[in-house]
Amino acid sequence: MSKIRVLFQGDSITDAGRNRLAWHSLAGYAKKTAGILEEKRPDKYAFFNRGIGGNRTKDLLKRYRRHFVRMRPNVVTVMIGINDVWRKYDRNDPTSPEQYEANLVRLFTGIKQDTGAKIVVMSPYLTTGTDGKWNVMRGDVDIFIKVCEKVALQYADRYIDTDGPMNEANEKYPHEQVSRDGIHPAEKGQEVLAELLSENIDSLFID
């Protein structure tokens, strides 16, 4: 029996410094998710990480054929949106909530049509971080989370709110263990994301 092909997609949160020259290279929460699922169900899944740092929704659409369709996934996990917000603050290059929504709709409908893969969507999140530098984005992040949820509930197979659990962890553990800048997950933050994601992926294939 062929393995279920799980494709992780997103920005630097998903990329996490993976070796892009290695076909199966995993890092960050993607690696931890794979570890949990491998331990639970050995040899059931094959994992691929194509997250790229700095990406926004428009960038996923640009590389859609190469990094989505050609990967022949059975499951696609998508975590995207924080850079759609962030570029407004660090480069004065915003993505509107309306464009974010349109990009997500185009991406998810394409995945379903062209691959038939199941889609697991992870919301954007923002924690206080250790320096609080990007706390100014909180209001916009809340708006984009609502947009992400709206589209995911209509087009995806699973939707995961990551903002709540990540901020709960941020209250429980030292900030630097969850995320130093409020955006990129540290060890504990990666564990939170991996627990959420592995549970949702596995629930798609309960015999």
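Reader: How many aromatic pairs does the count come to?
Author: Happy to start there: this is a predicted model, where local features need pLDDT of at least 70, side-chain atom pairs count only at pLDDT 80 or more, and totals for chains, interfaces and linings use all residues. Residues are numbered from 1 along each chain as its sequence is written, and side-chain values use heavy atoms, leaving out hydrogens and water. Rings of Phe, Tyr and Trp (its six-membered ring) pair if their centres lie within 6.5 Å; planes under 30 degrees apart are stacked, over 60 edge-to-face, and the rest tilted. By this rule, the aromatic pairs come to seven.

Reader: Is the pair of F8 and F47 stacked or edge-to-face?
Author: The ring centres of F8 and F47 are 6.1 Å apart.

Reader: Why is the pair of Y100 and F144 tilted?
Author: The ring centres of Y100 and F144 are 4.8 Å apart. The pair is tilted because the planes stand at 40°.

Reader: Is Y100 buried or exposed?
Author: Buried means under 20% relative accessible area, exposed over 50%, and partly exposed in between (1.4 Å probe, protein chains only). Y100 has a relative accessible area of 0%, so Y100 is buried.
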